[in-house]
Amino acid sequence: MIRFLAEQASTDPDSTRQVVGYPTLFVLVVLGSLVPVVPTGALVSGAAVVAFHQSDPPFSLALVFGVASLAAFIGDVGLYWLGYRGVRSKNGSRWLEQLRTRAEPERLKAAQRKLDEHGVTVLVLSRLVPAGRIPVMLACLLAEMPLRRFIRGDMPACLAWAAAYQLVGILGGSLFPEPWEGVALAVGLTLLISVTPQIVKRVRRERV
């Protein structure tokens, strides 16, 4: 999908609907929120670059923002609902177990501590910090936070997430005259942001 954005941006920069593909963007962000197979942040940044170069940037960027934030919210709520069913069931669920395997014990403990101190506001930061969303969501599940309360905290979290990655895309789009160049920069930056914590942690382990 990222390659598609870059190629289409260089050949047909006049139609955001055709270049970005809002339905595709929506589906991929929802899917990426449920399972870690799609770099959703990079996808949103790349879409924002393309939207920035359209004939009506404010309108195009508003559409990208709306689609991305709504898709992230639906994906989060869906995953939380599936995990919540496992918490309340004696036999658990594969979704809850999947969340447990994806959340490192150290991060989970830190998330539980922050949840106790700050409540649902920690959801906003969890969406902005790389690899922070799953531990916080699992902490909410283990605390048996009601779905309605999770929704109240996740709404601003998804809005902040979409805005942050869209800003990365706008930055990339403003630095280069060609959309595909901005897409490449935005995607590279978002991927670098996502892998940096893992690299730092690995380096620390090797030093110990």
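The following questions and answers set values from a predicted model against the definitions behind them.

This is a predicted model, in which local features need pLDDT of at least 70, side-chain atom pairs count only at pLDDT 80 or more, and totals for chains, interfaces and linings use all residues. Residues are numbered from 1 along each chain as its sequence is written, and side-chain values use heavy atoms, with hydrogens and water left out.

Q: What makes up the secondary structure of the chain, in helices and strands?
A: Helices (H or I, at least four residues) and strands (E, at least two) are DSSP runs, numbered from the N terminus. By that criterion the chain has 11 helices and 0 strands, and its elements read α-α-α-α-α-α-α-α-α-α-α from the N terminus on.

Q: Why is Cys140 called buried?
A: Buried means under 20% relative accessible area, exposed over 50%, and partly exposed in between (1.4 Å probe, protein chains only). Cys140 has a relative accessible area of 0% and is therefore buried. Cys158, with a relative accessible area of 1%, is therefore buried as well. Across the chain, buried residues make up 43% of the 208 residues.

Q: How many disulfides are there under the distance rule?
A: A disulfide requires a pair of cysteine sulfur atoms within 2.5 Å. By this rule the count is 0 disulfides.

Q: Why is α4 described as largely enclosed by the rest of the structure?
A: Of the 13 residues of α4, 12 are buried, so the helix is largely enclosed by the rest of the structure. Among them are Thr40, Gly41, Leu43, Val44, Val49 and Val50.

Q: How is the span of helix α4 set against the expected value?
A: The expected span is 1.5 Å times one less than the number of residues. Helix α4 (residues 40-52) has 13 residues and reaches 18 Å from its first C-alpha to its last, close to the expected 18 Å.

Q: What makes α9 count as mostly covered?
A: In α9, 9 of its 10 residues are buried. These include Arg133, Met137 and Cys140. Glu144 follows α9 and has a positive phi, near 55°.

Q: Why does Val129 count as partly exposed?
A: Val129 has 43% relative accessibility, so Val129 counts as partly exposed. Val129 is placed in the loop between α8 (122-128) and α9 (133-142).

Q: What share of contacts between residues at least 6 apart in sequence joins residues at least 24 apart?
A: Contact means heavy atoms within 4.5 Å. Among contacts in the chain between residues at least 6 apart in sequence, 76% join residues at least 24 apart.
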